[in-house]
Amino acid sequence: FSGEVEAVGKDVTRFKKGDPVFGYRGPSMGANAEYLCVEENSLVCLKPANISYEEVAAVPYGALTALNLLKKVAIQPGQKVLINGASGSIGSAALQLAKHDGAQVTAVCSTSKMDFVKALGADKVIDYTREDFTQNGETYDLIFDILGRSSFSRCKNSLKPNGRYLLASFKLKQVFQMLWTSRFGTKKVICAFSNESLADLTTIKELVEAGKIKSIIDRCFPMEQTADAHRYIESGHKTSPVVIVMG
């Protein structure tokens, strides 16, 4: 969410009426509202000055999740990273964060979203409807599988020695694979949860202000057309985030 502070409690010191802010509600959701009440020390901070309210509202979910998960693998400059599902909120943020860390990034997405991920700085883009990245002979230090649409068995040969297969979405099978690979072999499966903090949101704000994270909006819908926005998203035609706006 993003907007202006309408009022603050008597003990609040971080914000004042009129401050431009943005934030994230996490699993609580509930941000499709004209007014939203949050605690001072929740995931909310001053809005970056260099992007709009609409653009910044689309940032926190994907960026916070990607930032937290990528902490588990500590990308080093020059490493080769493949992001499978690079056009979604998490994938597009992971692409930009990996580039910020100095990686060479290959983005995997559908045909209609190739221009979007190119605009975010991908070094190479693979259209999964035309090419199977596990069969092209390339190897990577990290494969970040956003939606779990591939598998460790399919990706194993595409990992370098000591390569890691990171999952943003996983089930019990992948957890067992993580435990197994933690003890045997050099290639690792990593399953992790995202635990966002205010410090993480502040980091994201700084990266946006530094131009390291971009926000490209597909379309904005007025609140009275929220149902239409959901229908549009579910149609599969969106190329980047969709935002609900007031008025």
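A salt bridge is counted where a side-chain nitrogen of Lys or Arg lies within 4 Å of a carboxyl oxygen of Asp or Glu. The model is predicted, so local features need pLDDT of at least 70 and side-chain atom pairs count only at pLDDT 80 or more, while totals for chains, interfaces and linings use all residues. Residues are numbered from 1 along each chain as its sequence is written, and side-chain values use heavy atoms, with hydrogens and water left out.

The structure holds eleven salt bridges. One of them joins K71 and D200, with the closest N and O atoms 2.7 Å apart. K71 lies in the loop between α2 and β4, D200 in helix α7, and 129 residues separate the two. Helices (H or I, at least four residues) and strands (E, at least two) are DSSP runs, numbered from the N terminus. D200 is buried, at 5% relative accessible area. Buried here means under 20% relative accessible area, exposed over 50%, and partly exposed in between (1.4 Å probe, protein chains only).

K99 and D123 form another salt bridge, their closest N and O atoms being 2.9 Å apart. K99 belongs to helix α3 and D123 to the loop between α4 and β6, so the pair ties together parts 24 residues apart in sequence. Both residues are partly exposed: K99 has a relative accessible area of 30%, and D123 one of 47%. K17 and E6 also meet through their side chains in a salt bridge (3.7 Å, N to O). Both stand in the loop between β1 and β2, eleven residues apart. K17 is exposed, at 56% relative accessible area. E6 is partly exposed, at 47%.

Six strands form an open sheet with parallel pairing, in the order β6-β5-β4-β7-β8-β9. Strands β6 (124-127) and β9 (188-191) stand at the edges with a single partner strand each, so one side of each lacks a neighbour in the sheet. The twist averages 20° from one strand to the next. Within this sheet, β4 (residues 80-84) and β5 (residues 104-109) pair in the parallel sense over five bridges. Two strands count as paired if DSSP finds at least two bridges between them. L82 stands opposite T106 in β5.

Helix α3 (residues 89-100) lies across β4, β5 and β7 (140-145), running at about 165° to β5. Axes are lines fitted to C-alpha atoms, for helices over the stretch in contact, and angles run from 0 to 180 degrees between N-to-C directions. Nine of the twelve residues of α3 are buried, so the helix is largely enclosed by the rest of the structure. Among them are I90, L95 and L97. The buried residues pack against α2 (60-70), β4, β5, α4 (114-119), β7 and α7 (198-209). Contact means heavy atoms within 4.5 Å. G102 follows α3 and has a positive phi, near 95°.

K238 is found in the loop between α8 (226-234) and β11 (242-245). K238 is buried yet has no salt bridge; D218, the nearest side chain of opposite charge, is 6.9 Å away. Lys and Arg count as positive and Asp and Glu as negative, with His and the chain ends not counted. Leaving aside neighbours within four places in sequence, K238 is in contact with K113, D218, Y232 and I233.
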